[in-house]
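Me: I have a structure open and want to go through it with you. Take a look and I'll ask as we go.

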Amino acid sequence: SQALIRSRDKLRSLQILSRAGLDLPKTVFTNYSRDTDSILHAVGGAPVIIKLLEGTQGLGVVLAENEKAAASVIEAFHGLKARVIVQEFVKEAKGADIRAFVVDGKVVGAMKRQAKEGEFRSNLHRGGTATIIKLSRKENAAAILATKKLGLGVAGVDMLQSKRGPLILEVNSSPGLEGIEKATSRDIAGKIVEFLEANTKAPKKRVQKDKINA
């Protein structure tokens, strides 16, 4: 349960991954909007990605193309008492990311998700498309290590391809199956069932003692 809680907290999971030496996009957490200049400077300036910590499936994610827009979005989120993280915009990714599906310490499938034209979010729920991809050694190792450090047996690891190598965006503890199975034509659900069967202990038999009445 602790692994699930940590993975669903974007800030906590990024702290764990960073401590493990995994590469991430430059990231700043903020709940204070008056000093936006230092926030933007820390991630390399605009454009930037601004995310709600509680967002899923691309919801609560905004691309701010200039500093004025970034300041306005941050102030708006803070006005709603929302916690946000600000990340660098990795231009060379060109609106695409990688989802590596890890089961029991192995990558059992990977796809590249491409955002539709005019959209920067590659989530399939936002209209993105997916194709099968063969991971590089660094990408494969990063996905496995990220899953291990968060203590998960099953995970979807989202990464960006950058000039610095793979950058971990998020480790999803409840990844969807439809997109990855369609893109890879692999039975990912079957792999999860095999993992569960191998790691589920058989219940102990109860021995009932006969009660002897004196």
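Me: Which residue in S4 is the bridge partner of Val28?
Reply: Val86 is the bridge partner of Val28 in S4. Strands here are DSSP runs of E with at least two residues, helices are runs of H or I with at least four, and both are numbered from the N terminus. This is a predicted model, where local features need pLDDT of at least 70, side-chain atom pairs count only at pLDDT 80 or more, and totals for chains, interfaces and linings use all residues. Residues are numbered from 1 along each chain as its sequence is written, and side-chain values use heavy atoms, with hydrogens and water left out.

Me: How many bridges join S1 to S4?
Reply: 4 bridges, with the strands running antiparallel. Two strands count as paired if DSSP finds at least two bridges between them.

Me: What's the strand order in that sheet?
Reply: S1-S4-S2-S3, an open sheet of 4 strands with antiparallel pairing. Strands S1 (27-30) and S3 (61-64) are at the edges with a single partner strand each, so one side of each has no neighbour in the sheet. On average, neighbouring strands are turned by 25 degrees against each other, direction ignored.

Me: What does H2 touch on the sheet?
Reply: H2 packs on the sheet and touches S1, strand S2 (48-52) and S4, and its direction makes about 45 degrees with that of S4. Contact means heavy atoms within 4.5 Å. Axes are lines fitted to C-alpha atoms, for helices over the stretch in contact, and angles run from 0 to 180 degrees between N-to-C directions.

Me: And which strands does H4 lie across?
Reply: Helix H4 (residues 67-79) lies across S1, S2, S3 and S4, at about 10 degrees to S2.

Me: Switching topic. How many salt bridges?
Reply: 4, counting a side-chain nitrogen of Lys or Arg within 4 Å of a carboxyl oxygen of Asp or Glu. One of them joins the side chains of Arg164 and Glu88, at 2.7 Å, N to O.

Me: Where do those two residues lie?
Reply: Arg164 is in the loop between strand S8 (154-162) and S9, while Glu88 is in strand S4, so the pair ties together parts 76 residues apart in sequence.

Me: Which residues line the largest cavity?
Reply: Lys10, Ser13, Leu14, Leu17, Lys51, Ile85, Gln87, Leu169, Glu170 and Val171. H2 gives the largest share, 4 residues. On a 1 Å grid over the protein atoms alone, a cavity is a set of points where a 1.4 Å probe fits but cannot get out, and lining residues have an atom within 4 Å of a point.

Methods: On a 1 Å grid over the protein atoms alone, a cavity is a set of points where a 1.4 Å probe fits but cannot get out, and a pocket is an open set with protein on both sides within 12 Å along at least five of seven lines; lining residues have an atom within 4 Å of a point.
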